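Welcome, and thanks for taking a look at this one.

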Amino acid sequence: MMSTTKRNALRMASRRTFLAGAGGIAIGLPFLESVPDRSAWAQSENPRFAFFIGTACGVVQDNFWPVEVGQLTDLSSDTNAAGALAGLERWITFVQGTSYPGTSNGSSHARGGVSMYTGGPTDGAGGHTAVAVGPSIDVVLAPYLNPDAAAPLTLYSGLKSGWIDERLSFDVDGQIRPAEGNPFEVYEALLGQVPADGGAASTDVNLSELLVRRKSAIDLVRDDLQELLGRSGIGQADRERMELHLSSLREIETELTDAPVVGTCSESSLDVDAIVASAEIFRSNGYIEQVAELQMQLAAFAFACNIQHVATLQIGDGEDGTVYDVPSNDRGWRFHHISHRIQSDSATGDDPLALQAHIEIDRLRLETFRRGLVKFQEHGLLDRSVVMWTNSIADGPSGSGNNLPSIVVGNAGGTFRTGLHYQPSQGGIPNSRLLTTLAFALGVNETVGVDGELMTDLLV
Amino acid sequence: MIELRLCGLALLSLATACGGSASDLARAQTDDGTQRAGGIDGGDPAAGSAETRDPSGMNIGPDASGGEVPSQQPPPAAEPTPPSADDAGVAAPSGDPIPLVLDGEPAHHHYVRLTHEQWENSIRDNLRLEAPTGWLAELTPDTSPRKYSNDEARLEVGPTLYSDYERAAEALSRTLAADSARLETLYRGSDARGFITEVGRRFYRRPLTEAELSRFEHIFATGSELASAPDEFSGGVSLVLEVLLQAPHFLYRIESTPDGEPLSGYEVATRLAYFITNSTPSDALLERAEDGTLNTAEGVRAAAEALLDTPRASAQMRRFHGETFSFDAFATLALDPASNLEPSLNQDLEEAAYSFFDRIFEGSFGLREVLLTDAAFATDSMAMLYGLDHPTGTGAAQLTLGPERPGFFTQLPFLMLHSFNGTRPDSVARGVVINDDVLCAALPPAADESSPPPERADATNRSIISDETAAPECASCHHAYLNPLGFAFENFDGLGRQRAVDNGIPVQTDGSYPFIEGTLDFAGAPELMALLAESEQAHACFARHITEFGLARSLSPEDRPLVNTLAAASRVEDASLRDIILRLVTSPEFRTRRGNL
């Protein structure tokens, strides 16, 4: 078992302690203060952002999705993994029913990794060497969304054992694009691309105007609600209704006022100490979720600073030996074995403790996802983005690619429907339709994968 | 969605819900649905409280069952159990008349949020838009637990809806401010105060106070200074509209009048407008509020009459009838492809249903006409099913059906809506509608779903359902109340066509029902419709529906006199729906704050 001290080391490490621990390793600290807190893109440019996350080993389907289907209202009491995303309901759409096209030989983890964001079949002689037959969605989108049509940012979190490794982003020829697993390397690279003035558009008056306008409305609504609440003679139910409205306002207001980096290019949203410390441990077992969270922070930073508008993050490859420290995994089983419910890389069992551990891991992964999303929210990116979370396989023991766990966050600028648990079926819809629909919502009319049909129910 | 009760196929649900005493058992086991199922005494006299009889002379309580009615079978072996106070609104004992129950507990009366349709209509009217805003479908749907969408129970603003309002306000205000022609339509002047005064009054449905005017002038000034504003005036207008669209005084119908006092003219105008037109008061109606016209019943009546003549009123009455009888189910009616009916039949049926009630409302008819008229609306394909020629060839035209099909409930829209995809009649569902929506006879919660009863080559639909619902826990509701009402329509098949035989066996349509006037027999649907047309219970139910819809809340015991008065007008005077509405809006209940309900 990993010790608590070790588990928390990354989060607790300060820049000072890292420097001491680094023992002379030549990692120079960037001059952070050189990045001003300024908006990096003009609202008038109407930028759109896309971030795609791929995870591994499937989920426990019965304990993953929101309990209720349809409109998402309040996930806080949802005991399934989806409950970890409480508070973000209005930005989220859970999409059920998508599946991979066809089947092929070899490792389901590698094949799933290939099809996850290409929406197409796999190629390659061996299972773990599966490659794509076409580009992944990030590569499709980058020419349209990225500044200067730059190649998309490709991030990784996990051990990279040498068996499957990165297998999520593919170029136009279907070849694997390398992913950077060291958050500190990513950080340095990004800082090197931040313009001296922070990328700020001095004519970016629309952002400040947006804030002024929203504040005008919020101030009046708040004052009126408080006046209505203060009236004598109203009943308890009326009072509670006003309080709910006021509470809703405060939630909006918090997004507006408690996020000093809304829409801005600022390193203050980054956990720099942890990023620096990650350089030492990013390939160590036990840190996969912390590194994933840092990579999400960096992706949000890259978007807000107008360096990148498209990115991917692969979290593990399924067969890399990752061990999760969750209450039901005192035995220290590898996640791969947990997902098989037996200590085997090939057989399938029904170990109940493994099942419970998998449920806990799913929840933990969505908690990580939530923390990362908050950074996107703080940058004011969610109403301009889609952030998608999915898994290379749908269900651990079966290795099935049917009914993939797909979560889309953000409304792509108002064109993608959010606040929904969408369940048109339990499987059989090509995942390429969802990918193509996301591209369409982002303003890119390109088919991603094998099926270009749009899921119109998800479009506004 | 109509809740269906089909025991035998959903035993667990009803075993809990219906319960069933020993007497229920005894009756259930001998009742095949064609025999009288209830006692005639109407239950415990104590249960027939004073509220069941009022000065109007209407009897709608359990003590109003009247005298003895000839029985076709021995009375129950045991006395029925009287309803206890705890049972109010749930069920009377099996076979007893079920009185109209008004046990609502409305909670929000000072602040009731606009429904989404009211929000849409109000914005269109306030901003003088000819086309839809495009934002209605973007609002987080409400989930009303009640029959009517305007009921105060669930109209709240959570974070998601708040965000929806915000996005809509931002988009609409900017679009409008960029359209100079539209701005001119909205306000011809060019001064901030004038704009705020005129447009603000529309949104707040009353004049703004001096403090509010000042506040909006500040907002206007802020908007004028924004760099993106095309000019100072449109910049100010844009921000003022953005804020107005999110203001609580716009989003809620706010009534500040102290309890027990007459509502202000503006509050009456707001109630009137949203009840009759589902939208905000017009400038003309606000002027009637301002000059005091709406402070009298005569003034309210005159204003209401004007509103009732508008197309918006007809649309609102469509909403009323559609929600009363769950016409939204037409959208999901999946007729059997083997029937070779045109795919458009769903829409034709729905339109025919609405056209029927258009005629009721616009022709100044009332409940009797709903139950007894032989006028119907039909397209070509529908006329064919009626066995009639279609007179026009396009759209739904009015037809005369004859004495075998009196009233709405013998017509295709009702009969096909309550069928199993048009293949077989859903007799239980038909009975449920008559029991629940025409008689307001509250029964225990139903099974969640209904599925077709099994088919047997040697049996009629009626006998199969009787058998399937013979279990004691089912029969107490089904055999006493639901099945007899549904079986009255057994001479209409799943497509609503008349039939004399079912599975080669002559259909039986006779039955009896424990009305509050007493258990009455009927030979079939025409006689049942005639009984309903004279039934105090049906008229009380009708009065309850329109009162709930008009007051936008559930009804409590305090509302009993008003319901009784309107029911008496409907039954005794044959008052039209329009007349009932006028009586409702001129009543003290409509124009006065009746306690802090």
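B:E198 is partly exposed, at 35% relative accessible area (buried is under 20%, exposed is over 50% and partly exposed is in between, using a 1.4 Å probe and protein chains only). Its salt-bridge partner is B:R202, with 3.2 Å from N to O; a salt bridge puts a side-chain nitrogen of Lys or Arg within 4 Å of a carboxyl oxygen of Asp or Glu. Please keep in mind that this is a predicted model, in which local features need pLDDT of at least 70 and side-chain atom pairs count only at pLDDT 80 or more, while totals for chains, interfaces and linings use all residues. Residues are numbered from 1 along each chain as its sequence is written, chains are lettered from A and ligands numbered from 1 in the order in which they are written, and side-chain values use heavy atoms, with hydrogens and water left out.

**Salt bridges**

- Over all chains, a search of the whole structure finds 55 salt bridges.
- B:E198 and B:R202 both belong to helix α6 of chain B, four residues apart, or about one turn of the helix; helices (H or I, at least four residues) and strands (E, at least two) are DSSP runs, numbered from the N terminus.
- B:R202 is buried, with a relative accessible area of 4%.
- The side chains of B:R368 and B:E534 form another salt bridge, at 2.9 Å from N to O.
- Because B:R368 is in helix α15 and B:E534 in helix α21 (residues 525-534) of chain B, this pair ties together parts that are 166 residues apart in sequence.
- B:R368 is buried at 15% relative accessible area, whereas B:E534 is partly exposed at 42%.
- One network, joined by salt bridges that share partners, holds A:K215, A:D219, A:R222, A:D223 and B:R215.

**A buried arginine in chain A**

- A:R341 sits in the loop between α10 (335-340) and α11 (352-378) of chain A.
- Although A:R341 is buried, it has no salt bridge, and the nearest side chain of opposite charge, A:D395, is 5.1 Å away (Lys and Arg count as positive, Asp and Glu as negative, and His and the chain ends are not counted).

**Positive phi values**

- A:D165, a residue other than glycine, has a positive phi near 60 degrees.
- A:D165 is in the loop between β8 (153-157) and α5 (183-191) of chain A, and is buried at 15% relative accessible area.
- Phi of B:R205 is likewise positive and near 60 degrees.
- B:R205 is in the loop between α6 (192-204) and α7 (210-225) of chain B, and counts as buried at 3% relative accessibility.

- B:F320, in helix α13 of chain B, is buried at 2% relative accessibility.
- B:F320 and B:G550 are 230 residues apart in sequence, yet 9.4 Å apart in space, C-alpha to C-alpha.
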